[in-house]
Amino acid sequence: MSLRGERKVRTIGVTDPSGRNKIMSAREAVAEYIHAGTCVAIGGFGYTRLPMTLVREIIRQNVSDLFVTTCGAAAAMECLAASGLISRLDTTYIGLEGLQPVANSLRRQIEDGDIEIIEEYDNCSYSARALAGRYGWPFAPVMTGLGSDLMETDVLLGAGFPQRPEDGRCVHDSIPPQHHHVIDDPFNGWGLRPHEFRDGDTTGNETNALPEVRLSTRYTNRPGVKVVLVPPLIPEVAIIRAAVVGDEGTVRLEGGIWGADNEIGIAARILIVECEKIVPEADLRYAPEANTIAAHCVDVIVEQPFGGYPAAVPGYYDYDWDFWTSYSQLNRRNKEEVKRWWHSYVADTEDDWHFLATRAGRENTSGHGSIGWERLFELRADATYGYRPQLSRPLPRA
Amino acid sequence: LRSEGLTTTPRRLRVRNRYGEPGIETEFTVIDDARHEAYLAAGGIEIDPESATAAEWMVIATARAIPDGAFLFVGTGLPIAGCMMAQHTYAPNAVVVMESGVVGPKIEHLPVSVGDARASFHCTTIGSISDLFGSVATRGYATVGILGGAECDRYANLNSLSVNSCDPAGGPPRKLRLAGSGGANSIASLADVVIVMMPHERRRFPERCAHLTSPAGSRGRLGSCEERSRVGLYRGGSALIATDICVLRTETEGTGELLLEALYDEREEEEVYRNTGWVLGKSPTFHMMDPPTLEELKILRCIVDPTRIYLGRSRKR
């Protein structure tokens with residue numbers, strides 16, 4: 001029986017509580033923490049700072065039946081889905097942005113029932129869930145979703161949600177008991193902006209139908225200002241990509257776009273951070289205000305330069321546009337063929353050093369044909385912009 | 001635009017913003033004709049140099065509708081082209097915000113996603129998604145939202161989550177999955193005005209959406225027709241739909257349904273009605289929209305979308 005405070009579950013330091021170094025290879029990290037059925041939150045947004053080294057390692061180890069949650073990393077989800085590894089999804093958006101309005105493998109597998117959609121939120125609600133997870137709040141209030149069919153996908157009451165056993169626990173520890181709960185604002189809308197200052201509010205918005213919404217009886221069956229409470233996001237494992245991480249775990253995402261990485265990273269039970277470079281802690285602690293996740297939140301550090309490829313890491317390299325345009329043609333082939341392709345592309349490489357040296361640029365149909373480090377060198381970011389302004393971005397001819 | 005070697009001071013053109021504050025003039029960069037010609041020649045692009053394609057019309061109509069000084073909450077995809085066009089023409093003082101966490105960027109190269117580093121160039125701050133939806137959108141800085149969508153109904157309710165498809169062989173209808181809300185529902189809920197960019201196809205303008213993902217207009221779905229304040233939405237209620245052949249606008253007093261506000265080509269009026277799933281009325285302020293000027297087209301082609309990522313799409317009508 002240990003004294004209070006003596007049993008350290010997590011700590012600042014180069015080792016975890018069992019004395020093992022936090023720095024691991026991607027292979028060790030995935031083998032240790034990501035198993036069939038694990039709820040994995042994926043960081044990054046669009047084509048920026050996706051944790052591709054870990055995504056590829058999951059594909060290599062063929063960890064199937066994953067429960068994936070993210071609001072921005074649709075491209076990373078598409079890679080896992082195409083490899084046949086996702087069975088549950090809690091998300092907001094599954095498009096490949098400008099290149100493919102709906103990511104094809106995700107779309108097909110959801111339609112065919114291979115992937116079960118557990119929950120469907122808008123980004124405001126989802127990010128509020130991540131914030132509640134980060135802060136340890138029991139819920140977070142949002143003013144969105146009201147009046148839409150997203151409120152009707154209450155998965156517990158509606159179709160598609162996994163059964164909840166008799167003991168009240170959900171089938172998975174990361175699935176909340178309820179999609180949302182609507183309450184009447186106890187302050188009756190006093191805080192909604194624009195506020196009624198005597199001299200008017202300075203805020204940008206002009207509309208605030210406070211008198212009318214006070215009369216609303218929807219959802220709660222009595223008049224009042226409706227507020228949607230959403231449950232916290234509590235993933236088992238979060239995988240994110242940062243620019244640099246200190247050897248004790250201090251994270252500096254740097255530049256570009258943050259997405260919800262800090263929130264899901266801090267909310268998760270286990271946080272695995274992959275990065276361009278591991279640096280001595282002291283380097284980051286001279287300017288702690290630029291660091292975004294404290295060292296004690298980090299369980300595993302994986303170093304893999306260029307490992308975000310084919311996504312971008314702002315300040316380091318741009319996304320491989322030619323890869324994504326080629327891939328958005330390729331993923332229209334039948335499911336098995338796409339799965340086999342992922343196998344030949346990723347799964348038969350030994351690790352990401354091998355992958356990057358032999359596969360980067362290999363599948364590009366519209367590029368100049370550079371492969372491996374030569375291709376990666378072509379993508380390096382311009383110092384002024386943080387991306388590569390002269391990157392040619394043609395669309396494939398239909 | 002440092003990266004393109006434009007080091008000389010560009011010539012500026014003063015223009016009147018027709019949808020913004022009356023009388024406010026903005027000015028925008030004039031692109032050399034030679035650069036435009038070189039662009040058309042280099043890309044092998046087969047378009048009339050002096051008139052707009054359908055996709056170009058849509059982007060230009062959107063940019064013209066954006067008041068200078070607006071807080072623009074931009075959705076991913078086509079809306080990014082609309083907001084960038086506005087920043088480079090009619091609304092240089094608009095503050096662009098994007099759900100990925102970006103506030104006030106000066107966009108020089110077209111981002112392919114709101115999560116593209118191109119979208120964060122010279123922004124004032126970067127925050128997390130919850131920061132952005134909290135300290136910007138809910139706090140009260142999303143005056144104009146720009147969205148895309150798969151379906152738009154009679155009351156400007158948008159669908160970006162799923163549609164029903166009919167089996168041509170006569171089988172039961174199948175649910176087709178679309179991208180999902182992303183930030184669309186949040187933007188439609190929290191902005192004063194929503195501008196929607198959509199190609200005008202009949203399948204995209206049904207009387208009733210298969211899934212009400214984002215309520216952009218003042219009324220709920222057909223049948224219930226509930227006012228948005230009655231479901232608890234305290235902001236917004238007016239929408240403007242910029243399609244590739246016309247502009248629709250919600251009637252703010254009365255029924256709140258979409259009316260035909262402006263047409264690009266009078267020969268296409270029938271086509272608008274044919275491709276709308278309900279009996280479309282005409283707004284009392286209906287007018288023909290001025291055709292895009294050559295200056296607008298040059299900016300759109302040479303600066304905003306030089307590789308035609310968004311402009312190159314074909315219409316399916």
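1. S214(B) sits in strand β13 of chain B, which covers residues 214-215; helices (H or I, at least four residues) and strands (E, at least two) are DSSP runs numbered from the N terminus. S214(B) counts as buried, because its relative accessibility is 1%; buried means under 20% relative accessible area, exposed over 50%, and partly exposed in between (1.4 Å probe, protein chains only). Leaving aside residues up to four places away in sequence, S214(B) touches A156(B), N157(B), L158(B), A184(B), N185(B) and A188(B); contact means heavy atoms within 4.5 Å.

2. This is a predicted model, in which local features need pLDDT of at least 70 and side-chain atom pairs count only at pLDDT 80 or more, while totals for chains, interfaces and linings use all residues. Residues are numbered from 1 along each chain as its sequence is written, chains are lettered from A and ligands numbered from 1 in the order in which they are written, and side-chain values use heavy atoms, with hydrogens and water left out.

3. On confidence, the model scores ipTM 0.93 and pTM 0.93. The average pLDDT of chain B is 87, and 90% of the residues score at least 70; pLDDT is the predictor's confidence in each residue, from 0 to 100. Over residues 1-23 of chain B, pLDDT stays under 50, and the model has 56 contacts beyond four places in sequence for this stretch.

4. Helix α3 of chain B, residues 78-88, is mostly covered, with eleven of its eleven residues buried. Among them are L78(B), P79(B), C83(B), Q87(B) and H88(B).

5. The contact between the chains takes 73 residues from chain A and 71 residues from chain B. Chain A and chain B bury about 5700 Å² between them, 55% of it on carbon and sulfur atoms; buried area is the accessible area (1.4 Å probe) that two parts lose on being put together, summed over both. Of the area that chain A buries against chain B, Y385(A), Y387(A) and R393(A) supply 11%, more than any other three residues.

6. Five salt bridges are found across the interface of chain A and chain B; a salt bridge is a side-chain nitrogen of Lys or Arg within 4 Å of a carboxyl oxygen of Asp or Glu. The side chains of D149(A) and R221(B) form a salt bridge at 2.5 Å, N to O. On the side of chain A that touches chain B, α4 (104-112), β4 (116-120), α5 (123-135) and α6 (210-213) of chain A each supply at least two residues.
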